[in-house]
Amino acid sequence: MNVAAALASVQILSGDEGRELRWRHRCSVAMVREKLARAGIPMGSASSHIIPIEVKNAKACQGVCDDLLADYGIYVQGINYPTVPRGEEKLRVTPGPYHTPEMADEFVDALLAVWHKHGLELTPPAAPV
């Protein structure tokens with residue numbers, strides 16, 4: 001069973017459907033990054049599909065994660081010590097190929113509300129590209 005599933009996955013990913021999924025995934029990551037930048041959410045650089053959001057406070061990082069889940073039903077993983085040095089805590093956001101612009105807007109709005117609740121600072125919003 002596992003071998004059949006792995007083979008089916010490879011076949012999908014190596015064909016047109018896989019190319020479409022990878023394209024949609026790249027577009028989704030770019031869209032979420034742009035919306036976060038326009039909102040002034042501080043992000044680190046990453047060449048992968050992972051968007052690191054810089055919180056730089058362990059208590060606030062955990063609080064943001066807890067509040068997003070409790071108040072908005074949005075799960076975001078916090079990255080804390082010892083994975084990152086103390087004072088470099090961040091959120092790990094991973095948009096997928098099926099995330100829509102509306103979902104991204106809801107996420108950014110929720111994140112901004114929770115961000116303000118925890119007294120975190122924003123960066124100057126990025127200009128539209």
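Predicted model: local features only at pLDDT ≥ 70, side-chain atom pairs only at ≥ 80, totals over all residues.

Analyst: Residues are numbered from 1 along each chain as its sequence is written, and side-chain values use heavy atoms, with hydrogens and water left out.

User: How many helices and strands are there, and in what order do the elements run?

Analyst: The protein chain has four helices and three strands. Helices (H or I, at least four residues) and strands (E, at least two) are DSSP runs, numbered from the N terminus. In that order the elements read α-α-β-α-β-β-α. The C-alpha trace spans about 50 × 35 × 25 Å along its principal axes.

User: What share of the contacts with a separation of 6 or more comes from residues 24 or more positions apart?

Analyst: The share is 63%. A contact means heavy atoms within 4.5 Å.

User: What makes a set of residues a nonpolar core?

Analyst: The members must be buried Ala, Val, Leu, Ile, Met, Phe, Trp, Tyr or Cys residues, joined through side-chain atoms within 4.5 Å. The largest such core here has 27 residues. L36, I53, L68, L91, F107 and L111 touch the most other members. At least two residues each come from α2 (16-39), β1 (51-54), α3 (58-72), β3 (90-93) and α4 (101-117). Helix α4 gives the largest share, eight residues. In soluble globular proteins, nonpolar side chains tend to be buried together.

User: Which residues does L36 contact, leaving aside its neighbours within four places in sequence?

Analyst: L36 is in contact with I41, M43, I51, I53, F107, V108 and L111.

User: Why is the pair R19 and D16 called a salt bridge?

Analyst: A salt bridge needs a side-chain nitrogen of Lys or Arg within 4 Å of a carboxyl oxygen of Asp or Glu. The closest N and O atoms of R19 and D16 are 2.5 Å apart, so the pair qualifies. The two residues are three apart in helix α2, and therefore about one helical turn separates them.

User: Are R19 and D16 buried, partly exposed or exposed?

Analyst: Exposed means over 50% relative accessible area, and partly exposed lies between the buried and exposed limits. R19 is at 43%, so R19 counts as partly exposed. D16 is at 61%, so D16 is exposed.

User: How do you know that D105 and K35 form a salt bridge?

Analyst: Their closest N and O atoms are 2.7 Å apart, so the pair meets the cut-off. This bridge links distant parts of the chain: D105 sits in helix α4 and K35 in helix α2, 70 residues apart. D105, at 34%, is partly exposed. K35, at 23%, is partly exposed too.

User: What makes K117 and D67 a salt bridge, and which parts of the chain do they link?

Analyst: The side chains of K117 and D67 meet at 3.1 Å, N to O, so this pair qualifies. K117 lies in helix α4 and D67 in helix α3, 50 residues apart. K117 has 56% relative accessibility, so K117 counts as exposed. D67 has 13%, so D67 is buried.

User: How many salt bridges does a search of the whole structure find?

Analyst: The search finds five salt bridges, including the bridge between K117 and D67.

Note on methods
Buried < 20%, exposed > 50% of the residue type's maximum accessible area, 1.4 Å probe, protein only.
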